[in-house]
Amino acid sequence: MEEIVLRLVENLNEHWKTGMVPERLKERTKRDKFDEILKYLDDRQMISIVGLRRTGKTTLMFQLMDYLLQHGTKKENILYFSFDEITGGKPELIDEIIQHFVIHVSNND
């Protein structure tokens, strides 16, 4: 994987080092859909969060990550990546990011 992408993945996942989501990323007030999404976390399904730019989708993701960390999910089992960060239309980077995560972070759990 390109070194710049690897650094980006590590920077976006500070919780791998600290075990917590930085306060600056999660805001104090829970987003509107937070409780609704919590109902589905144990269902092992994909949940899509879509909406206009700057409406709180990323904040919601960090709030959910914080919830998971506080309720026993191992920090190594959470991967966050913003695909807005990838430029140049390289979809193969998605596979490389996931492979890096499984091999080097999650220990294949």
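This is a predicted model: local features need pLDDT of at least 70, side-chain atom pairs count only at pLDDT 80 or more; totals for chains, interfaces and linings use all residues.
User: Why is I94 called partly exposed?

Analyst: The label comes from comparing a value with two cut-offs. Buried means under 20% relative accessible area and exposed means over 50%. I94 has 34% relative accessibility, so it counts as partly exposed. You will find I94 in helix α6.

User: What makes I94 part of a nonpolar patch on the surface?

Analyst: A patch takes residues with over 30% relative accessible area, and nonpolar side chains are joined within 5 Å. At 34%, I94 counts as partly exposed. I94 forms the patch together with F83, I98, V102 and I103. Together these residues have about 420 Å² of accessible area.

User: Why does R44 count as exposed?

Analyst: Exposed begins over 50%, and R44 has 81% relative accessibility, so R44 counts as exposed. R44 lies in the loop between α4 and α5. R44 is not a glycine, yet its phi is positive, about 50 degrees.

User: How do you know that the buried residues of α1 line one face of the helix?

Analyst: Start with the residues themselves: V5, L6, V9 and L12 are buried in α1. Looking down the axis of α1, the buried residues fall within an arc of 135 degrees, so they line one face. An α-helix has 3.6 residues a turn, so residues three or four places apart point the same way. The face turned away from the buried side of α1 carries the exposed residues I4 and N11.

User: What do the buried residues of α1 pack against?

Analyst: They pack against α2 (15-18), α5 and α6. V9 gives you an example to look at: leaving out residues up to four places away in sequence, V9 touches W16, L79, F81 and I97.

User: Which residues touch the most other members of the largest nonpolar core?

Analyst: V9 and M65 do, in a core of 15 residues. Helices α1 (3-12), α5 (57-70) and α6 (92-105) each supply at least two residues of this core. The largest share, four residues, comes from α6. As general background, nonpolar side chains tend to be buried together in soluble globular proteins.

Conventions
Residues are numbered from 1 along each chain as its sequence is written. Side-chain values use heavy atoms; hydrogens and water are left out. A nonpolar core is a set of buried Ala, Val, Leu, Ile, Met, Phe, Trp, Tyr and Cys residues joined through side-chain atoms within 4.5 Å. Buried means under 20% relative accessible area, exposed over 50%, partly exposed in between (1.4 Å probe, protein chains only). Contact means heavy atoms within 4.5 Å. Patches are made of residues with over 30% relative accessible area and no salt bridge: like charges are joined within 9 Å, nonpolar side chains (Val, Leu, Ile, Met, Phe, Trp, Tyr) within 5 Å. Accessible areas come from the Shrake-Rupley method with a 1.4 Å probe; for residues, only the protein chains shown count as cover. A salt bridge is a side-chain nitrogen of Lys or Arg within 4 Å of a carboxyl oxygen of Asp or Glu. The arc is that of the directions from the helix axis to the C-beta atoms.
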